[in-house]
Every structure is written in C-alpha cells, then in structure tokens.
Amino acid sequence: MAAPWEDVLRDRPAIQEAAAVAVDAALLQGVLMRTEGQPNASDVVNFAPFTLLPSAVPSALFEQAYAVQQDFNMLVDAISQNKEFLEHTLASTIKVDDFTARLFRIYTQVLEEGLAQSVFLGINRSDYMFDCGVDGPPALKQIEINTIAASFGGLTSRTVAVHGQVLKVLGKPQEASRLPPNNPSRGLALGIAKAWELYGSPRNIRVIRKRFRDVFEKGSLDEARRLYMDGQEVAVVYYREGYVPSNYDEQNWEARLLLERSRAVKCPDIATQLAGTKKVQQELSRPGTLERLLPGHAEAVTRIRATFAGLYSLDMGAEGDKVAAMAIADPDRFVLKPQREGGGNNLYGEDLRQVLEKIRDSPQRTSYILMDKIKPRPAMNYLLRAHSPLQESECISELGIFGVYVRRGSELVLNKAAGHLLRTKAVEHADGGVAAGVAVLDTPYLV
C-alpha cells in the first residue's frame with residue numbers, strides 16, 4: 001500500500017520546506033484547535049495535528065467502506081427501535097456498568113411514558129483499519145461505530161486542500177489532483193437541517209450552545225412536551241458530550257432525562273446511543289443476529305458481516321470462561337474493550353492479561369468485550385504537531401466513514417454516506433484518537 005513519495009521522504013531539505021508550507025496552509029484553511037493550556041479560549045488557537053503527506057489507502061477498501069455505510073445507518077436505526085434486542089443484549093452489562101445502566105434507565109423511563117419524538121436524526125461514523133494478516137490482500141475490518149458526537153467532520157473537510165498544496169510544493173501536481181474530495185460537514189449539516197424541517201418549526205434555523213447545567217436550570221417542557229430554552233422552542237438537540245461518565249453529575253442526568261422526554265429531535269436519542277455500545281457490536285457478530293434485525297435485506301447483511309473482525313462475549317458461563325482463558329494465554333492477539341467512547345480506553349498485551357486475570361471469575365468481566373487485534377501494514381510519514389520536532393515516524397491509519405439518516409415515524413427519508421475521516425498515528429501508540437493527543441488528521445491517497 002505504498003504511496004509514491006518514498007523519494008521525497010529521503011529528501012530532508014524538501015521535507016523541511018514542505019512542513020513549513022503545510023503549517024501555513026493549515027492555518028489559512030482553518031485546520032485549527034484550541035490549545036491544551038487554554039482549552040476554553042477561542043482567541044488562542046494552533047493548527048490541529050496532521051500528517052505532512054497523504055497516506056495510501058487501497059481504493060477497493062475505500063469504496064467498500066462507502067458502499068456499506070447506508071447499510072450501517074439502516075442497522076443502527078433498526079437496533080434503536082428494537083426494545084427486546086437492547087434489553088437482551090445489555091442485560092448483563094447494566095448489572096456491572098453503572099454508566100450504561102443510567103443510560104438504560106432513561107431509555108426505559110422514556111418508553112414507559114411514551115415517545116413524544118417522531119422525527120429521528122442519526123449522525124454516526126464507522127471506523128475501520130486495513131487488516132494485513134498472514135496471507136492474502138488487505139481486508140477492511142470495523143473497529144467500532146460511533147453513534148454520539150462523531151467528531152472531526154469539520155476539520156477533515158479542510159485537510160484535502162492542505163495536502164494538495166503540500167504535494168504541489170513537492171512537485172507532484174498530478175498526485176494532488178487525485179486526492180478524493182471530501183466535505184462531511186456539508187452532509188452532516190444537511191441532515192440536521194432536514195430534521196429541523198420535518199420537526200415543523202416555522203422559524204429560520206438558529207443555533208445556540210448550552211451545557212447540561214444550563215438545561216437543568218433553564219430548560220422546560222410544555223404540555224405537549226415541546227422543549228424550551230430561555231423561552232424559545234428547540235427543534236433539534238445535537239449532543240457534543242454525554243458519552244463518558246465524567247460528563248454527568250446528578251443535575252446533568254436530570255437534564256439528559258428532560259431532553260430525552262421532549263418532542264425535540266435528539267442526535268442521538270438515548271436508544272441510538274445504546275445501539276453504539278461495544279456489547280451491541282459484539283452481539284451483532286453472532287450468527288443470525290443481523291438477519292433478525294434486517295429481515296429482507298440479505299445483501300446488506302452480507303456487506304456488513306464482511307467488515308466484522310472476530311468478536312467474543314465475556315458473559316458469565318462456559319463460553320465466557322473459554323474466551324477469557326484464550327485471551328490470557330495469548331494477549332497479543334486481542335483487544336479488550338470496555339463500554340466507553342472517546343478513545344484511550346482499550347487494553348492490549350500485558351495490560352489486557354493482567355486485567356482479565358484479575359476479573360476472570362467476576363461478573364465485572366461482562367462490562368468488556370474481546371476483539372481480534374487488527375494488524376495493519378505500517379508506512380513512513382511525518383506527524384506535524386505544534387511545538388514538536390520534525391521527525392519521521394512509522395505509522396498506521398484508521399478510516400472512518402460518516403453516515404447521516406433521518407427517519408419520520410417508520411419512513412427513512414434520508415440515508416447517505418456523508419464523507420470520510422482518515423486518522424494516522426505512530427505504531428507505538430496502541431489506542432487513542434486526535435482529541436486524545438495520539439492520532440493526527442490525514443487525507444487518503446487511493447492506490
């Protein structure tokens with residue numbers, strides 16, 4: 001999967017010049033992040049970390065990832081409407097994972113009261129790596145699907161221009177013209193606008209940003225469960241947080257319940273957030289599960305299943321005992337995944353073995369799932385970060401495809417792939433994304 005810049009990587013003066021051009025281009029294009037030192041200040045920013053050169057991505061796998069995204073949209077939506085499946089799948093998890101249990105409690109409370117929401121908006125991102133096992137060509141294997149706060153749609157819309165400029169400076173204008181276009185921010189915004197339109201608001205679209213605490217203090221519902229903030233009706237709620245326990249105190253949980261009880265379109269609603277849990281991901285790999293969730297969609301089932309890596313349950317019983325023993329005996333073959341989003345939570349190698357040995361006979365093990373470790377082929381690149389030296393790194397990449405769908409009642413009125421995100425990190429980092437300070441933004445160069 002080599003990209004045609006091995007000659008450039010050996011030319012240190014050209015690399016140094018290109019890096020300076022790349023940083024200026026990133027600043028001009030708005031590839032920006034707030035700084036760690038002043039995370040709440042919008043007047044102190046720096047360029048978001050990114051690769052100097054685009055990374056090679058097999059075109060067939062890139063096309064496969066796009067082709068299956070509408071299927072995954074349909075699957076997530078189907079799971080969110082299947083109370084029996086969610087109850088059965090998460091039964092063991094909610095006994096030992098307090099965070100998932102709190103989410104599930106809100107889910108059941110909203111269902112018992114009766115859904116006021118009739119329009120549903122899903123914005124997700126399905127993440128993959130290119131598995132280069134012992135034999136055969138690389139294969140597209142899913143790492144996870146993010147159903148809440150799927151990030152970087154805005155920044156990745158701007159990185160193509162940066163990498164195009166770098167390639168031109170390096171004397172590769174033809175290669176620059178072959179970078180695939182990408183504008184997920186437009187597709188995601190269209191989904192939000194469609195949900196707002198179907199909600200039936202007569203006003204122009206106005207966006208406000210509020211914390212859970214603000215909702216607790218000033219949010220209210222009327223008799224029809226319309227949501228109001230500061231006296232204004234709210235049509236769509238997009239959650240930028242709410243996916244980790246640290247986002248909540250008791251008041252924030254009360255705010256989340258208020259939002260979920262409302263008629264407003266939530267992105268995601270609580271059921272769709274639960275559909276993105278790791279335990280659901282593992283359950284989907286069981287024979288027959290996809291067929292039950294997507295009856296009459298045999299081709300979609302085939303496309304989805306082709307992306308699954310090996311996934312294993314750690315539920316109590318003989319099957320879970322066998323899986324735990326298998327992982328302890330050969331920890332480098334697997335990844336241990338808790339029911340958490342946001343990156344930096346997975347366990348590998350010796351850490352995996354130690355944790356599993358500690359909890360192998362405890363119900364606590366059911367708060368994790370086990371997955372085969374995907375083995376991508378590394379490539380050399382430069383990772384540009386503010387205040388960091390310019391040095392070559394051996395890197396691996398992860399491709400995400402953004403999906404957006406809107407459902408009114410039982411009718412799916414919008415279902416599309418909205419764009420892609422390529423993130424790259426040095427091979428010595430097992431886990432973590434851009435926000436965690438490990439991965440950097442990238443652009444695919446199709447080979």
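Q: Is Phe104 buried or exposed, and at what relative accessibility?
A: Phe104 counts as buried, because its relative accessibility is 9%, where buried means under 20% relative accessible area, exposed over 50%, and partly exposed in between, with a 1.4 Å probe and protein chains only. This is a predicted model, in which local features need pLDDT of at least 70 and side-chain atom pairs count only at pLDDT 80 or more, while totals for chains, interfaces and linings use all residues. Residues are numbered from 1 along each chain as its sequence is written, and side-chain values use heavy atoms, with hydrogens and water left out.

Q: And Tyr107, buried or exposed?
A: Tyr107 counts as buried, at 4% relative accessibility.

Q: How many aromatic pairs are there?
A: The structure holds ten aromatic pairs, a pair being rings of Phe, Tyr and Trp (its six-membered ring) with centres within 6.5 Å; planes under 30 degrees apart count as stacked, over 60 as edge-to-face and the rest as tilted. In one of them, the ring centres of Phe104 and Tyr107 are 5.4 Å apart and the planes stand at 55°, so this pair is tilted.

Q: Where do Phe104 and Tyr107 sit in the helix?
A: They are three residues apart in helix α7 (residues 98-113), and are therefore separated by about one helical turn; helices (H or I, at least four residues) are DSSP runs numbered from the N terminus.

Q: What about Tyr248 and Trp253, how are their rings arranged?
A: The centres of Tyr248 and Trp253 are 3.8 Å apart and the planes are at 10°, so the pair is stacked. Both Tyr248 and Trp253 are buried, and together with Phe99, Phe212 and Tyr239 they form one aromatic cluster.

Q: Which residue lies over the face of Tyr239?
A: Arg256 does, at 4.2 Å from the ring centre, the criterion being NZ of Lys or CZ of Arg within 6 Å of the ring centre and within 35 degrees of the ring normal. Arg407 lies over the face of Phe120, at 4.2 Å from the ring centre.

Q: Switching to cysteines, how many disulfides does the structure hold?
A: The structure holds zero disulfides, a disulfide being a pair of cysteine sulfur atoms within 2.5 Å. For Cys395, the nearest cysteine sulfur is that of Cys132, 15 Å away. Cys395 is buried, with a relative accessible area of 5%, and Cys267 is buried at 1%.

Q: Last topic, which residues are buried in α3?
A: In helix α3 (residues 59-67), Leu61, Phe62 and Ala65 are buried. Seen down the axis, the buried residues of α3 fall within an arc of 105°, so they line one face of the helix, the arc being that of the directions from the helix axis to the C-beta atoms. Ala60 and Glu63, on the other side of α3, are exposed.

Note on methods: Helices (H or I, at least four residues) and strands (E, at least two) are DSSP runs, numbered from the N terminus.
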